[in-house]
Amino acid sequence: MAYANCSLRVDRQLLDPSFESYRLSLDPIPCYNVELDAAVAEVKLKDSQYTLDHMKAFGMYNYLHIDPWYEESVYFVDCKGRVLSLTVTLDTALGKPREMFRMTPEPSSCAGERVCASLSLTSATWAALSDGVGNLTLLRTSKRGESSHIKWEPMFSECLGEPFTILHSLSHGQAGVHTIDLLLLRIQKDPADAKGSGFCTSLEWITVGNSAGQEKKYEVRKRRLMKGRSVPHYAALEPQGKGLMVASERPFSFKEVDGVPLEEAPAEDMEVERSEPIYFWQQTEEDVTVCVRLPEGTTKDDIRFKLSVDCLCVGVRDYAPLLKGQLFAPVDPEASVWTIKDDKSLEVSLQKRSEGPLWSELVLGDRKGEYIMNEEQAAQLHLRLAHLTAEELNPNPEKDKPPCNAQELEECDGFPEDSSTLMRFDGATLKPTHVVNLGSHQYLFTVDINPSEMPAFCLRHDVDALLWQPRPEQPSDLWEHTATFNALGYVQASKRDKKFATCAPNFSYAALAECLRRVFIYRQPSPVDTVLFNRKQGRQVGQVAKQQVASLESRDPVLGFRATNERLFVLTRSNLFILKVNN
């Protein structure tokens with residue numbers, strides 16, 4: 001497993017520490033109903049699909065797809081194998097969904113294992129379709145907003161093995177060659193997992209392209225397979241296929257390329273006994289001293305030493321480095337020195353760039369060393385943490401820093417036990433370049449904000465929900481905090497029947513859908529028309545955040561849920577509901 005080497009940087013200007021709560025608004029939400037002439041192609045899980053991963057991947061699948069290139073257009077697949085489209089121009093004059101493509105044979109008639117059919121809108125003129133039984137079809141759609149009456153033309157169709165769903169796809173071209181990259185998800189049996197569920201999760205990155213001069217002949221160019229032990233919360237490809245980002249409870253790694261297993265040749269280890277730490281380190285408020293154990297007979301000329309502001313590398317000759325990685329905090333390379341002590345150890349003195357804060361580790365993620373703390377530092381640390389422990393449970397509740405009382409926590413304050421990670425993989429080397437430990441930042445939802453960018457994802461930070469936009473063009477700041485939904489992290493945790501969550505592309509509201517009927521809308525704070533005062537604090541209230549609740553006239557489970565700046569689309573087995581949220 002790769003250790004965390006970076007973190008998510010919260011934009012404090014997007015936080016509202018004075019936010020109080022949502023106010024329930026009784027303003028009616030106009031709701032329009034489109035009855036479907038055929039049921040949605042819902043796939044019920046079989047007895048053989050019994051794991052939690054099957055439920056997350058297929059049981060909670062969002063059957064409704066929104067077109068980020070052409071607003072107010074949604075797509076879904078019905079039980080007749082038809083890809084249907086509905087574009088809203090006038091809420092009071094809704095037409096029937098229009099057929100754009102029909103799969104042959106119908107997926108429901110196929111025997112054997114089957115998952116839900118999935119659609120991914122690759123670009124403004126292309127789409128990718130999976131029939132749920134293992135076949136992939138690439139469709140040329142023309143410009144969908146201008147040619148909504150033109151049926152889609154299949155340009156490529158091939159069976160790719162076991163059933164899968166399409167998580168993400170993108171299209172790009174260069175020198176007359178058109179390329180489409182797709183990310184496929186499968187839950188496969190794993191005979192080697194005897195102690196677990198017996199299944200593993202695979203992500204397959206497939207590249208399909210044509211050749212110069214042969215515009216209509218497409219074929220699979222490359223297949224890359226990665227595996228993990230959990231269904232990813234988030235998985236998306238970078239523009240031009242330059243990389244891949246995955247957020248999951250358990251890490252993923254690449255295993256095969258074009259069917260050939262990847263073999264990692266480990267570097268030759270130094271002849272240093274691993275029963276003891278390779279290095280020891282201690283620190284003061286001004287500097288850090290590191291003592292690295294060396295093999296016998298090591299001379300000054302054998303040392304390979306590199307130091308920059310935030311990275312350190314110590315090695316001997318051409319062997320694998322004894323110590324290498326990103327430092328906990330910046331140092332001053334000009335004021336740092338190293339020397340050999342008694343031909344047995346290398347002593348490195350690092351001058352901290354910022355005096356005062358103590359480091360919790362020397363090199364991020366490195367576990368081969370041992371920290372030596374002097375008695376004075378231990379006493380100071382004990383004094384600072386003394387208020388967190390006591391012989392009695394909350395003995396002095398009036399104290400400035402009372403100890404934590406677990407009995408005061410509510411059920412929705414809990415977080416998943418597994419610690420999720422967010423990883424970025426390089427498209428050329430297939431190695432992780434950036435790793436973020438998400439810790440207790442619970443994943444909430446994924447949303448397309450801009451069709452030219454990667455999908456954004458929303459995480460819970462304390463009680464709020466923060467939206468993060470990947471920026472592959474900024475390696476030093478790969479994920480940007482772009483919006484905050486106040487208290488949504490806490491609110492959504494209290495909804496026991498929540499099935500889907502999303503937000504408007506302009507961040508004007510967030511919405512939650514329960515398994516049956518109810519939809520909750522949480523608007524951003526907006527100015528009030530009348531004068532309001534907070535009775536407790538005696539101050540005037542200038543903005544109010546409204547909460548609205550809509551109840552659908554249907555007893556069928558909610559199968560799809562998408563949002564635009566003006567509308568919410570809710571798909572059930574036999575109906576498509578359109579809620580007019582903003583004018």
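Q: By the rule used here, how many salt bridges does the count come to?
A: Keep in mind that this is a predicted model. Side chains of opposite charge can pair when their charged atoms come close. To be counted, a side-chain nitrogen of Lys or Arg has to sit within 4 Å of a carboxyl oxygen of Asp or Glu. By that rule, the count comes to 26 salt bridges.

Q: How far apart in sequence are the parts that D67 and R144 tie together?
A: D67 and R144 form a salt bridge, with their closest N and O atoms 2.6 Å apart. D67 sits in the loop between β3 (65–66) and β4 (73–77), while R144 sits in the loop between β9 (135–140) and β10 (153–159), so the pair ties together parts whose separation in sequence is 77 residues.

Q: Are D67 and R144 buried or exposed?
A: Buried means under 20% relative accessible area, and exposed means over 50%. D67 falls in the former class, and R144 does too: both are buried.

Q: What is the relative accessible area of R23, which forms a salt bridge with E20?
A: In this pair the closest N and O atoms are 3.4 Å apart. E20 is partly exposed, with a relative accessible area of 39%. R23 is partly exposed as well, and its value is 42%.

Q: Which strands stand at the edges of the open sheet of four strands?
A: The order is β2-β40-β39-β38, and the pairing is antiparallel. Each edge strand has a single partner, so one side of each is left without a neighbour in the sheet; these strands are β2 (31–35) and β38 (558–563).

Q: Is S345 buried or exposed?
A: S345 belongs to strand β25 (residues 345–352). Leaving aside neighbours within four places in sequence, S345 is in contact with C291, V292, R293, L294, T339 and I340. Its relative accessibility is 11%, and the cut-off is under 20%, so S345 counts as buried.

Conventions
Residues are numbered from 1 along each chain as its sequence is written. This is a predicted model: local features need pLDDT of at least 70, side-chain atom pairs count only at pLDDT 80 or more; totals for chains, interfaces and linings use all residues. Side-chain values use heavy atoms; hydrogens and water are left out. Two strands pair if DSSP finds at least two bridges between them. Helices (H or I, at least four residues) and strands (E, at least two) are DSSP runs, numbered from the N terminus. Buried means under 20% relative accessible area, exposed over 50%, partly exposed in between (1.4 Å probe, protein chains only). Contact means heavy atoms within 4.5 Å.
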